[in-house]
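Open the model in your viewer and keep the sequence panel beside it.

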Amino acid sequence: MTYVVTESCIKCKFTDCVEVCPVDCFYEGENMLVIHPDECIDCGVCEPECPVEAIKPDTDTSVGEWLDINAQYAKLWPNIAEQKPAPPDAKDNADLPNKRELFSPNPGGGN
Ligand code: SF4
Ligand code: F3S
């Protein structure tokens, strides 16, 4: 089992989640984060921290393709272990429709 970052994170990136992760298993893309499924210890503490409820256990039926996306991009993107400021328009982006189409495969800055 692992926890998974899903599409609600796209263009929000609040990063409250990375502050609480005991094993630093978040990785940063240009406009979202992912969790490395082999590093996540399934503690669940990040799930309630996300303001847009983007983090789900892989047992949640809404996870779908995001489990594979997290596994794939966690190997490509840099680690992020400390919170950083969210994009200025993060709150406005919380309810954007069709966020999946906005997914960027490009890496973020990490820290
Ligand atoms: Fe980190 Fe725990 Fe969230 Fe997994 S469930 S990403 S170990 S905080
Ligand atoms: Fe994304 Fe939520 Fe973390 S918006 S960066 S999963 S706090």
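Buried means under 20% relative accessible area, exposed means over 50%, and partly exposed is in between (1.4 Å probe, protein chains only). This is a predicted model, in which local features need pLDDT of at least 70 and side-chain atom pairs count only at pLDDT 80 or more, while totals for chains, interfaces and linings use all residues. Residues are numbered from 1 along each chain as its sequence is written, chains are lettered from A and ligands numbered from 1 in the order in which they are written, and side-chain values use heavy atoms, with hydrogens and water left out.

**Stop 1: Pro87**

Select Pro87. At 25% relative accessibility, Pro87 is partly exposed. Look for Pro87 in the loop between helix 2 (66–74) and helix 3 (90–93). Helices (H or I, at least four residues) and strands (E, at least two) are DSSP runs, numbered from the N terminus.

Now show the contacts, meaning heavy atoms within 4.5 Å. With neighbours within four places in sequence left aside, Pro87 is in contact with Lys11, Cys12 and Lys13. Next, draw a C-alpha to C-alpha distance from Pro87 to Gly44: 25 Å in space, for 43 residues in sequence.

**Stop 2: ligand 1**

Gly44 leads to the next selection. A residue is near a molecule if one of its heavy atoms lies within 4 Å of it.

Colour that shell by class.

Ligand 1 takes up the second largest cavity. A cavity, on a 1 Å grid over the protein atoms alone, is a set of points where a 1.4 Å probe fits but cannot get out. A molecule sits in a cavity if more than half of its atoms lie within 2 Å of its grid points.

**Stop 3: ligand 2**

Which cavity holds ligand 2? Ligand 2 sits in the largest cavity. Again 13 residues surround the ligand, the closest being Cys9, Phe14, Thr15, Cys17 and Cys50. Colour the shell around ligand 2 by class too: 10 nonpolar, one polar and two charged residues.

**Stop 4: Thr15**

From that shell, pick Thr15. Thr15 is in the loop between strand 1 (3–5) and helix 1 (16–20). Is Thr15 buried or exposed? Thr15 counts as buried, at 4% relative accessibility.

The Thr15 side chain reaches the backbone oxygen of Lys84 at 2.9 Å. Beyond four places in sequence, Thr15 is in contact with Leu33, Ile80, Gln83 and Lys84.

**Stop 5: Asn111**

Lys84 is also touched by Asn111, together with Asn79, Ile80, Ala81 and Glu82, not counting residues up to four places away in sequence. Select Asn111, in the segment after helix 3. At 46% relative accessibility, Asn111 is partly exposed.

Which backbone oxygen does the side chain of Asn111 reach? That of Glu82, at 2.7 Å. Asn111 and Glu28 are 83 residues apart in sequence, yet their C-alpha atoms are 8.9 Å apart.

**Stop 6: Asn31**

Move to Asn31, in the loop between strand 2 and strand 3 (33–35). Asn31 counts as buried, at 11% relative accessibility. Not counting residues up to four places away in sequence, Asn31 touches Cys9, Ile10, Lys11, Cys12, Lys13, Leu102, Phe103 and Ser104.

**Stop 7: Thr2**

Go to the segment before strand 1, where Thr2 lies. At 4% relative accessibility, Thr2 counts as buried. Beyond four places in sequence, the residues that Thr2 touches include Ile35, His36, Cys40, Lys56 and Leu67.

**Stop 8: two backbone angles**

Asp24 is not a glycine, but has a positive phi of about 50 degrees. Asp24 is in the loop between helix 1 and strand 2 (26–28) and is partly exposed at 35%. Asn98, also not a glycine, has a positive phi of about 50 degrees. Asn98 lies in the segment after helix 3 and is exposed, at 53%.

Technical notes. A polar contact is a pair of N or O atoms within 3.5 Å; within protein, one must be able to donate a hydrogen and the other to accept it, and residues adjacent in sequence count only if both atoms are side-chain atoms. On a 1 Å grid over the protein atoms alone, a cavity is a set of points where a 1.4 Å probe fits but cannot get out, and a pocket is an open set with protein on both sides within 12 Å along at least five of seven lines; lining residues have an atom within 4 Å of a point. Ala, Val, Leu, Ile, Met, Phe, Trp, Tyr, Cys and Pro count as nonpolar, Asp, Glu, Lys and Arg as charged, and the others, Gly among them, as polar.
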